[in-house]
Structures are given as structure tokens and as C-alpha cells.
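Student: I would like to go through this model with you, one topic at a time. Could we begin as soon as it is displayed?

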Amino acid sequence: SKKDYNRAIQMTEKQLATFTENEDALWESRVILAQSCIMTNNWDKAAGLYTMLVDHFPDDIELKKELLRSMLEMKQYEKSLDILAGWINGPYNDKEFFWKSRLDIITIIFGNGEYINVKELIDKFEAEDPELGGKELKSGFISLREKSLSKMKDGNPG
């Protein structure tokens, strides 16, 4: 229940105060705390913790997924896209996931009626990588850009 997670958060925060910065248990407790924050829908705190965890464990894709989830729950689409840009251009192996996440965010932005923004973002992504993350993903991006252009032409600039 939510009450149990709130208690877990309190206990974990007390526990964190007893660790030194270099202890593995500190990072394990931060993971537990971040997971508990998600269970209580404390997205802002979860995002802060996951940002710290991703910085410490840059190769952990699960932590990155949870950071993105937290950001999207807070409707921080632009910030999520900025984070993804760094990951796409970084030395990470999960570029398909990052591109798929970009497409998912663009779909949300399109659903919000921000057609100009959708077109501009897709143009920017295409300038970075003309393949837009691969054949399947590229068709999704192109489709959203065409739909946005059509909406803009119909007088819905977004």
C-alpha cells in the first residue's frame, strides 16, 4: 500500500544518512528509495534520484528507463528529449531504445496539438541522423511530420 511505501521512504532516507559516499550500500539504498518514490507517484523525487543513479551507473538501461518514465509522468518532454540526445550521441549500446523513446515523446507532443514543434523536432533529429534510428522508426517519424504539416496547412499551427 502507499502507506507502506511512504514508511519505506522514511526508513531508507534515515539509512542513507549513515553511509559514506563510497559505500555500495548507499547506491543500493538509493535504488530502493527511487523505486519507492515511483510507487507513491513522487515523480519529482524519483527523477532526481534516477538522475543521480544514471550518472553513477551510466550503462544501466533499466535506470535510464525509469528516469525517462519519471520525466514523462511530469510531462517534461523537452527535457526528456535533451537527455535522450546525450544518450544517443554517447557511447551506449541501446540506441534503438533511445530512438524509440524519442518517437514515443514526439507522438505525445503531436497528441497535444504542437504540430510546429513536432515538425521542427523531427527535422532536427533527421539532421543528426538521416536514418532516424532505423527503417521502422523512420517511417513513424516521417508519418508524424507529414500529419503535422497537414494539420498546419489546415490552419492548426499548434
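Student: Does Phe 141 count as buried or exposed?

Tutor: Phe 141 has 0% relative accessibility and therefore counts as buried; buried means under 20% relative accessible area, exposed over 50%, and partly exposed in between, with a 1.4 Å probe and protein chains only. Please note that this is a predicted model, in which local features need pLDDT of at least 70 and side-chain atom pairs count only at pLDDT 80 or more, while totals for chains, interfaces and linings use all residues. Residues are numbered from 1 along each chain as its sequence is written, and side-chain values use heavy atoms, with hydrogens and water left out.

Student: Where does Phe 141 lie, and which residues is it in contact with?

Tutor: Phe 141 belongs to helix 8; helices are DSSP runs of H or I with at least four residues, strands are runs of E with at least two, and both are numbered from the N terminus. Leaving aside neighbours within four places in sequence, Phe 141 is in contact (heavy atoms within 4.5 Å) with Trp 99, Arg 102, Leu 103, Ile 106, Ile 122, Phe 125 and Leu 132.

Student: How do helix 6 and helix 8 pack?

Tutor: Helix 6 (residues 95-111) and helix 8 (residues 135-153) have axes 10 Å apart, at an angle of about 20°. Axes are lines fitted to C-alpha atoms, for helices over the stretch in contact, and angles run from 0 to 180 degrees between N-to-C directions. The two helices are therefore roughly parallel to each other, a label for angles under 35 degrees, whereas those over 145 are roughly antiparallel, 65 to 115 roughly perpendicular and the rest oblique.

Student: What kinds of residue make up that contact of helix 6 with helix 8?

Tutor: The residues divide into seven nonpolar, three polar and five charged. Here Ala, Val, Leu, Ile, Met, Phe, Trp, Tyr, Cys and Pro count as nonpolar, Asp, Glu, Lys and Arg as charged, and the others, Gly among them, as polar.

Student: And what about helix 4 and helix 6?

Tutor: The axes of helix 4 (residues 61-73) and helix 6 come within 12 Å and cross at roughly 10°, so this pair is also roughly parallel. Ile 61, Lys 64, Lys 65, Leu 68 and Leu 72 of helix 4 meet Phe 97, Phe 98, Ser 101 and Ile 105 of helix 6.

Student: Changing topic, how many helices and strands are there in the protein?

Tutor: There are eight helices and zero strands. Of its 158 residues, 37% count as buried, and the C-alpha trace spans about 60 × 35 × 20 Å along its principal axes.
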